[in-house]
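Please examine the following protein chain with care. The explanation below is intended for a reader who is meeting such a structure for the first time.

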Amino acid sequence: MSKTKHPNSTVSAAGLLADFPAFASARAEAAPIAALRREAAARFAALGLPGREREDWKFADLRPFAAAGWRPFAEQPSAPATALAERLAALPDLGGPRLVLVDGVYAPGLSRAASLPAGLAVAPLAAVDPARLLAAGFGRLASHADAAFTALSAAWWQGGLFLTIAPEATFDAPIEIVHLATGAAAGRMLAPRLLVEVGQMGSAAIVERYLSADDAAHFTNAIGELSLAEGARLTHLKLLAENAAAWHIGASHVHQAARSHYASREILLGGAMSRRELHLTLAGREASCELNALYLGGGEQRHDLRTRVRHAVSDCQTRELYKGILDGRARGIFDGLIIVDQDAQKTDARQTNRNLLLSPDATAYSLPRLEIYADDVKCTHGSTTGQISDEQLFYLCTRGFAAEAARALLTYAFASEIIEGIEPAALRRELASALLARLPQSQSAQLEVDA
């Protein structure tokens, strides 16, 4: 593999590290955490920003990113708390605790966490004993050895949360985490971290939202590390709805023990460019995962979604469905890889990517892949990209729908497969409403959201 770097990438990488020595020296941290920061910064300096010579970045264009001259965020939030509170109040109440991070830093005054359900513990990462953090996988589940943005996050993280779900604990409502970027983050990189540990037979749902308080451009570099013990279940929904100038590059790294189940729902609506990576290791027998995503792009938006699922042992299952709707000159990229190790006999894996193009200038790249080293497996993958069916359109028009309304109805039906089944109903209605608002001609369709 070539190690040639684009000159602008080198300049941008240097800018992202320019203030690191002063930043690291000013922090009073335990030696293992400080060492992890410095090692990550050195690794990022060696890697630089990835270029198209790398296989996993060949469809990405980071020249606008490099030209933006992002600098890490080093100040405290300055937006009025009342304005942020009003922004948060507009969100539907999901009935559970709400944890708010403003510009990547936990904001207890804006959170609703005074009375957590039994079995749930929440702590800001910076307040957790370093030995406990490292034991839970911090900085280990998300390796930065060959991942530049993960290394950048490991060097610069300032805030984030550690969630612990006790063995056999279950909750009636999801745990909501709201990431809110303010105007103080204009031109800055935010690096929030999330560490989750689900105990044996524990069960929970986490809803993460990424929002902007105004129209200022900001860059979110979000890393999550999640471990599921034997028999644990976790539903993890991410909603990216940042402003039209925002960049978002993030990854979730999940380690699953035997008979655990991880369900991912990713909804990408906003931002100028977003890239989400999911890295899963099914390390215990009969572990399973269900990965669903919906990405809507319009104008010049770019959505880039990557999944890497490793079946390390036998009798595990993967179900994966990613759907894209692209309009204008938007570009969608799906790159999914399921790796079946030699010992992973009786693996059952299905991977599907479907794209709907609403404009002749929209583009979808689809790369579903399997890498199989076992011989007794059931593995399939498939991809389709197309436009709205003329036959379906004709059928609806013959039953009284105007052409534009029929197009909106068919587009909504294509996307609704990902929305259906999401709980609670308030969240499902919110996502469906957001979907409708993004569809062209949705008003003429007079669609209503089913509760």
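The model shown here is predicted. Is P108 buried or exposed? P108 counts as exposed because its relative accessibility is 55%, and the exposed class begins over 50%. The distance from P108 to L358 may also be noted: these residues are 250 residues apart along the chain, and their C-alpha atoms are separated by 43 Å.

The discussion now turns to charged side chains. Side chains of opposite charge can pair when their charged atoms come close. How many salt bridges does the structure hold? The structure holds 33 salt bridges.

One of these joins the side chains of E176 and R98, with a distance of 3.0 Å from N to O. This pair links distant parts of the chain, for E176 belongs to strand 6 (residues 175-181) and R98 to strand 2 (residues 98-102), 78 residues apart. Both E176 and R98 are buried.

Another salt bridge is formed by E430 and R209, whose closest N and O atoms are 2.4 Å apart. Because E430 lies in helix 10 (residues 425-438) and R209 in strand 9 (residues 203-212), the pair ties together parts that are 221 residues apart in sequence. E430 and R209 are likewise both buried.

A further salt bridge connects the side chains of D376 and K346, at 2.9 Å from N to O. Here both partners lie in loops: D376 in the loop between strand 20 (363-372) and strand 21 (378-386), and K346 in the loop between strand 18 (331-340) and strand 19 (348-357), so the pair ties together parts that are 30 residues apart in sequence. D376 counts as partly exposed because its relative accessibility is 35%.

Salt bridges may also share partners. In this way R275, E277, D304, R306, R308, D335 and R369 are joined into one network.

The last topic is the cysteines. A disulfide is a covalent bond between the sulfur atoms of two cysteines. How many disulfides are counted in this model? The count comes to zero. C289 is in no disulfide, since the nearest cysteine sulfur, that of C316, is 8.8 Å away, whereas a disulfide requires the sulfur atoms to be within 2.5 Å. C289 counts as buried because its relative accessibility is 2%. C397, with a relative accessible area of 32%, is partly exposed.

Terms used
Residues are numbered from 1 along each chain as its sequence is written. This is a predicted model: local features need pLDDT of at least 70, side-chain atom pairs count only at pLDDT 80 or more; totals for chains, interfaces and linings use all residues. Side-chain values use heavy atoms; hydrogens and water are left out. Buried means under 20% relative accessible area, exposed over 50%, partly exposed in between (1.4 Å probe, protein chains only). A salt bridge is a side-chain nitrogen of Lys or Arg within 4 Å of a carboxyl oxygen of Asp or Glu. Helices (H or I, at least four residues) and strands (E, at least two) are DSSP runs, numbered from the N terminus.
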